[in-house]
Structure formats: structure tokens, C-alpha cells
Amino acid sequence: MTQRAHRAFDPSLLLLPAFALLILLFVIPLVWFFVGVLAEEGSVGAVVERFVDVLTAPGIVNALVTTNWISALVTVLTLVIGYPIAYYLANSTGWRFALVLFCIIVPYFTSVIVRTYSWMVLLGRNGAINQTLLSLGIIDAPLQLLYNKMGVLIGMTYVLMPYMVLTLYATMRSIDTNLVRAAYGLGASPLYTFRKVYFPLSLHGVISGALIVFILAIGFFITPALMGGPSDVMIAMLIERAVEITLDWTSAAIMSMALLAMTLVLYVIYYRVTDVRRMMGA
Amino acid sequence: MGRARGATLSFYIALACLLLMVPILIVCVLAFSGEGYLRFPPSSFSFRWFAAFFGDTRWRQSLSSSLIIALIACVISTVLGFFAAYAFVRGDFRAKKIVLSVLLIPIIVPHVITAIAMYFVTAKFGLIGNVVWIGFCHAVVTLPIVVLILLSSLQGVDINLERAGLSLGGSRVYVFRRVVIPLAFPGIMSSALFAFLASFDELIISLFLAGVRAQTLPVRIWNSLHLELEPVIAAVSAFLIAVTGVVLLFDMLLRSLRDAKATGKDGST
């Protein structure tokens, strides 16, 4: 009798509580927010009109361009800076491996607000970097490193670097180094070997890493809000302002839908090219 | 030639590691500053900013809000995430990969959008500033983390041990309690720790839902950063870094426990 009870039980049912939470506190709020706000426009025609109005407003078009531009730059920066780090991780052992991994993991799990704050302290007018450069006589006047695009790029690259390095590392770890040795044995130069053998083998990690960094970057809010200047407004900041300052819920909903659509399209691509279980770099 | 290249790479890695750690270290140094304003390096050291942090009732209030919210989010997401991960490992249903990727969406969707949608609903129910409610909302974004960690740790649990338990007459619940949970225990604990940490450090959802009553530590830091870079923020930040350190340390211990279990199992078969 107990045997029958075992067979009747389907472990798949254990998914239900998690999905219940997701539906109640994520899906329903999102749908309610979008539908509730847009319903106040009255007719479908009015909604379409508002969509066109909002998404062609110069401020918002500007923010969308800035968002994509900053995200693309951050993606390239994390890739270029992170690639050698991931390579080193994949090809070292013992204390060197542990030390480099430690330097990636500690910032990764530190609060974004704390990491942003620390860069504000470093890059400020009287910050550590300016004071050091001034005292060494390298510069005469403090450099403007904060509240401009430079600040946003430094902050966001720092915050997103661990995602890139860990994703690249996951791919590089499984590259067979005998292939590299074979290329050397056949007389290939290091550069040629890298271009024709190692890089193509790591390409999967490059694409996955670039996608996850870009996806996270376009929704960024904390770092650009604190480190950017007036011309570095990203779309997530406009959404927050629309709700907190101008109380323009309709614009907030329309911008959110646009950003959500961009994110989900990229997520579908990410889903196709990579194993979603690796998302957190595990 | 090869050696020169190796040296260049080592130098680059050393520099990169330095750059990765400097922001963390500088905050910790500043937290012990003895000065009344922010300057690096400080000319004297003291605990005055930690005293200011723990001595201020409003900061203490924020600390307790953060703790309560993180504990609620941690318990809910660990329990639901464990069930979900178990369903993925043992369940037999179609399109597993798609179902999993749907469950992970809350990490991908910009938190600003999630936060505003939750705020919209929360305001309607008059639940702004309710720590229990905020804990439930945090659970939405900590749940995917738990599922990801537990997926890999449950894969290490041998299904034959469960089958053996069932065939010896144990009930599902009994086998769950006496076989599955003990074997997956290190993984469950580390997923709980990271869920706690993710909620403890979360800013954007808290920012919208906290109101004036339930401001968490990250929200208080955010509010202060808009006004002035006061040194007490360094002390609070150092505290948050210390919490991260403790979580990572515990995770390391749990990992060695898990590895010990794995080798023990291999040795017996």
C-alpha cells in the first residue's frame, strides 16, 4: 500500500510552490502594473499613441542610445580585461589559482552599493587617486574622474567583471591544452596558435560572457545613478525618475516594457547559446 | 620568449587582482579612520565610526530591518528552491530546460522593473514598510540563486540511496527527511547563506518598498550617498563586507564537508 503511494507521487509537483511564489509576487505584479497603468489611457488607440510619444521623445531616445552604448563599452572592457584573468585561472593550480579566484569572488559577493561607494571614494575630487597623483606631481589639478562617463564605465566594469571572468573560466577550463601544444609542435607562432586554436575554442565563453554582461548592464541603475553625470542617463534611471519624481506612471510602464522586451530577447539568445545553469558563473 | 610572456601575464594578473581588491580594502581602512571627514590615507585610526554606527538607533533599526528581511527571504527561498531543485533532478517532465530558464528570469529582469511592479501592488495593499512582505518580495530574486546552487549539489545525491530507503518500506517523507536532506545538507546550507547574503545586500527592491519604516542598510547607504560621503558609511560598508566574508568562509567549510562526503561515498562503492 505504501508502495502504491510512492508511485503515485510525482516529484515534478514539488515545482509548484516555487512557481506559485513567482506568479504571485513577480508575474502578477508585472502584469497588473502594465495593464493597470495603461488601462487608464482609455482606448487601445490612445495607448498606441502614448507608446509612440514616449518611445520617440528625445530624452528617452537619448537614454536608450546611451544605455546601449555604455553597455557595449562595458561588455568590451570586461572582455578585454577579463580574458587574460580567466586564462590564468584556467591554467594555474594551487595557491595562485586560489588567490586569483579569491580576488574575483570577494568583490562578486560584495553589495553593489558598497562597491560603488568605494569607487566614489577612490575617484572623487579629493579621492585617493587624485591625492596620490597630485602628491607625486604627475598632475597639477585634480582630474574629473567621477560624475561623468569615465566614472560610469569604471564602476560598471568593476561590478560586472566577475560575471565575465567566471563565464570565460567555465569554458576555458574544459579546453584541451594538448591542442595548443600540438599547434606549437607543428611550428605555429604563439599569436597564430592563439588566433587559430585557443581563441576559437574559447569563443563559446566569450559569447556567453558578453551576453550576460550586456543583459545585466542595460538594466543597471545604482552605479550610473551615483557615478554618472547629467549626460549619462541610462534607461533604468529614467524609469525610476518617472515613478519617484515626475510621477508619470504611464511613461514608466512604457519604458519598462521596452527594457523588459530587450532583456527577454537577449535572454532567449543567451538561453540558446549557453547552459542557463552556468548563469551565476558556477 | 615564453618566459617573458609568462612574466608579462603574471604582472598583469597581479595588477588586476590589486585593482579588484583595492576598493574593498580601502573601505575597510577608511572604516577605522579617526578623522571627522573622509580622507585617504587617514592620519589616525579609531573605532569611532563603528561606535557611531552601532550607537545610532536609526542605524540599529536599519540593521534589524535588514536582518529580518534577509532571514524571511532566506527561509522561504531555501525551502521552495530545495523543492524546485529536487523536482528538476528527480522529476520526469518535458521541456526541463525551458521551465528552469523561466524560474531564473527574476535574476535577468532589471531590478528596477521588478521593484516598480512590486511597489505598484504593495502600495495598493498598504504594505509599504512591512518587513515580512519585503522578505517575501526578496524571496523572488533569491529563489533562482538557491535553485542554481542546489541543482548541482542534488545531482551528487545517489538516487539508489533513495530507492533503497523506499524499498525498505520508508515513506516518501521519511526518505526525504532521513536520506535526501542529510545528503544534500551542505548544499542546502550554502544556498541558504547566499540567499541571505543576496537579500541582505539588495538595494533596489528595498528602496521602493521600504518607505520610512523599514529602511535596510543598503537603502540608508544609498540615501546618505546622495547627501554627503560621511565616514560612518565606510563603517557600515565594512560591516557589509564582513558579512560577505563570513558567508564565503562558511561556504568554504561546507564545501570541504561536501567533498569529504563525496570521497567517503566513492570509497564505499
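These legends describe close-up views of a predicted model. Residues are numbered from 1 along each chain as its sequence is written, chains are lettered from A in the order in which they are written. Local features need pLDDT of at least 70, side-chain atom pairs count only at pLDDT 80 or more, and totals for chains, interfaces and linings use all residues.

**View 1. Chain A is built from helices.** Chain A has 13 helices and zero strands. Here helices (H or I, at least four residues) and strands (E, at least two) are DSSP runs, numbered from the N terminus. The C-alpha trace of chain A spans about 80 × 70 × 35 Å along its principal axes.

**View 2. Chain B meets chain A.** In this interface, 71 residues of chain B are in contact with 68 residues of chain A. Contact means C-beta atoms, placed from the backbone, within 7 Å. Helix H1 (residues 2–31) of chain B gives the most to its side, with 13 residues. That side has 57 nonpolar, nine polar and five charged residues. Nonpolar means Ala, Val, Leu, Ile, Met, Phe, Trp, Tyr, Cys and Pro; charged means Asp, Glu, Lys and Arg; the others, Gly among them, are polar.

**View 3. H2(A) crosses H7(B).** The axes of helix H2 (residues 16–39) of chain A and helix H7 (residues 131–155) of chain B come within 10 Å and cross at roughly 125 degrees. Axes are lines fitted to C-alpha atoms, for helices over the stretch in contact, and angles run from 0 to 180 degrees between N-to-C directions. H2(A) is therefore oblique to H7(B). Oblique covers what is left after under 35 degrees (roughly parallel), over 145 (roughly antiparallel) and 65 to 115 (roughly perpendicular).

**View 4. Side by side, H2(A) and H7(B) touch.** A:Leu21, A:Leu25 and A:Phe26 are among the H2(A) residues that meet H7(B). Partners in H7(B) include B:Phe136, B:Val140 and B:Leu143. This contact has 10 nonpolar, no polar and no charged residues.

Methods:
Two residues are in contact if their C-beta atoms, placed from the backbone, lie within 7 Å.
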